[in-house]
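My entries follow in the order I made them.

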Amino acid sequence: MRVYKTPEIRNVAVVGHGASGKTSLVDALAFVAGTSKRHGSVKDGTALTDYTPDEIERKYSINLALAVAEWMDAKLNLIDTPGYLDFTGEALAGVYAADGAVVVLSATGGVEVGTEKVWDYCEQREIPRLFFVSLMDKEHADFERVYTQVKERLTPKVIPVEIPVGEGPEFHGIINLFSKQCHMYKKGTKAGEYEEVDVPPEYRDRFERYSKELIERIAETDDTLLERYLGGGEIGRDEAIAAMKAGMLKGELFPLFCGAAELTYGTRALLSKLVELIPAPNERPPVEAQRWGSAERVTLKPEDAGRFVAQVFKTISEPHVGDVTLFRVYSGLVKNGQDVYNAPREAVEKLNHLCVTVGKERIETPELHAGDIGVVAKLRDTHTNDTLSTKDHAIVLPKIPFPEPVITEAIEVKQRGEEEKLSNGLHKLHEEDPTFQHEYSGELGQTLIRGLGERHLEIIVGRLARKFGVHAVIFQFMDEIVGGVIPRQYIPAVERGIQEAAARGPVAGYPVVDFKVELYDGSYHDVDSNEMSFKMAGILAFRNVSPNCRPVLLEPILELDVSTPDDYQGAVMGDLSSRRGHILGTEPDGRLVRVKALVPEAELDRYATTLHSITHGRGTYRSKFHVYQEVPPDAAQKVAEVRKKELEEAKA
Ligand SMILES: Nc1nc2c(ncn2[C@@H]2O[C@H](COP(=O)(O)OP(=O)(O)OP(=O)(O)O)[C@@H](O)[C@H]2O)c(=O)[nH]1
Ligand SMILES: [Mg+2]
């Protein structure tokens, strides 16, 4: 990869709600541009920017990650961000490092909570944005509905530049309102190739309506253009693009594009529009910073001639490599091997092996120009949100305002003696991720961890094990003992008793989930007390109290998707109802009908055989886990009886 100069760089954050298709889009853009040699996929665990073991296993993004697409002599630094709110700090960091954003919307989901969240971040940072409606090929895709939702819930300044030809499985083309041409895609398109044709006659009316709206909105942003337009004159393509870019910079226009990233449909046009419409770093307003140790304000321009200033927006600690630091240069040119200065930590850092990254791959570069994004490993004392500058011109940038944690849980090591390793690991993880915090509460005698959601804390526990070799568990046991009414050393024994009792709960001996225990009082004897008796106290307390907490039996509910010829639809639905099934709906699917229902797993004994027989072999079904739900009382009674017998038999 060659070195790119400031005007050739575009830093683009790819943001949106979870599962809207961001990672698939980033992979497709890098592949279609030719920068990445392989078209990866989230489903197969090969997507460029979902490369950590956690992401591959879970099939969603957890970390912000970078990819590059080289297109039209420019370098697009694509910052893929997770959509789930538990990892929203990553999305915020991505927005802060970028000069523009692609807000990805799913053609079926439209504007969702995650979309609103990232929209707020973009507003806060005042970066230009464009919309990309992806997954246009998915069943129930609805372009108009998504457009209306954006207009009503995000901004009335949205304006479509493209409209789809066909929707859902019929989606096969995109009409560009600027070029007045239509790109037609063939099944099996590998890298976004298309055939350019005239707008199909049945789309003529829609095309006219949208084109008119587009031109009017562009003309409104510029008095000269407006005058010409009202006088009946034409606005050329280049003029229109320039006016749109200017409108985007002022926050007056937000163009909307569409496609299906996974199929690479619409990706070529999007690459070109990103290069043409997202500003280069030098086209954005200068950044305000502060001279270290004084109140003096400094204005930073993204120019190579300026002094070096960069901000760390992400650190990842990798096994065998150590810390990997992702930073954005705000001013100056920086060379491989250069010494830089982290003023607040008084640390001189050497930028050895300066790199750019494409997914997990790091490519060494001799230099980075002002405005570019780079990566370096093995810095000694530099963490997320630190500023790097030079010793003779020490600067600090305003910090990225990461969100504060919203949930707290207690954590403890599985094996005694690992407490120090736990505390070191937690400290490192906080330096990586400022939305994660931890503290030791002397009052509770426990280590508390705080984060943005349960999923976030779960990931943290996984990282502790993988990166730091500390095996820890999150639990809901609150030690509220004060004044030593029970000696400290006996408290873990009480908790072990509780855990043991909970493994065989009050309802039919099944394990208990979702409970919380508070240890608030007790007594002891100097001589006779021992761990065993405190453990027994825990077991007995749980056994005594838990039946009074109105425990309920939970059972797994599956979501069933049954396909059947419509002759047998009634029989299929009747059978599902007799299995305590709840029919969600039916829809035609070619010559078949699809019936969707929620059914308890316990009732699906021999379902395949029954379905085969009532549909004369023509029905098929798929099922997936949906939720755990309360078992109705009569069914619970039956389960309890069967289980009791099983346990007795096992004992005998
Ligand atoms: N039909 C269809 N499916 C797609 C398309 N793009 C992505 N998908 C699928 O949609 C799911 C979500 O895609 P991702 O790219 O992981 O979405 P994301 O926005 O990165 O999700 P998070 O990282 O969780 O925020 C995956 O199963 C993809 O295979 C598309 O264009 N068409
Ligand atoms: Mg993703």
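I began with strands β4 (residues 100-106) and β5 (residues 129-134), which pair in the parallel sense over six bridges. Strands here are DSSP runs of E with at least two residues, helices are runs of H or I with at least four, and both are numbered from the N terminus. Two strands pair if DSSP finds at least two bridges between them. I looked up valine 104 and found that its bridge partner in β5 is phenylalanine 132.

This is a predicted model, in which local features need pLDDT of at least 70 and side-chain atom pairs count only at pLDDT 80 or more, while totals for chains, interfaces and linings use all residues. Residues are numbered from 1 along each chain as its sequence is written, chains are lettered from A and ligands numbered from 1 in the order written, and side-chain values use heavy atoms, without hydrogens and water.

Next I traced the sheet. Seven strands form an open sheet of mixed pairing, in the order β2-β3-β1-β4-β5-β11-β6. β2 (65-71) and β6 (158-160) are the edge strands, each pairing on one side only. From one strand to the next the twist averages 30°.

Which strands does α9 lie across? I listed β1 (9-16), β2, β3 (74-80), β4, β5 and β11 (254-258), and noted that α9 runs at about 90° to β2. Axes are lines fitted to C-alpha atoms, for helices over the stretch in contact, and angles run from 0 to 180 degrees between N-to-C directions.

I then checked helix α1 (residues 22-33), which packs on α9 at about 85° with the axes 10 Å apart. α1 is therefore roughly perpendicular to α9 (65 to 115 degrees counts as such). In this contact (heavy atoms within 4.5 Å), Leu25, Ala28, Leu29, Val32 and Ala33 of α1 meet Thr267, Arg268, Leu270, Leu271 and Leu274 of α9.

Helix α8 (residues 237-249) also comes within 9 Å of α9 (residues 267-277), axis to axis, and the two cross at roughly 65°. I noted Arg237, Ile241, Met244, Lys245 and Met248 on the α8 side, and Lys273, Glu276 and Leu277 on the α9 side.

The pocket has 45 lining residues, with Pro506, Pro511, Val512, Val513 and Pro551 nearest its centre. α13 gives the largest share of the lining, six residues.

Conventions:
1 Å grid on protein atoms, 1.4 Å probe; cavity = no way out; pocket = protein on both sides within 12 Å on 5 of 7 lines; lining within 4 Å. Parallel < 35°, antiparallel > 145°, perpendicular 65-115°, else oblique.
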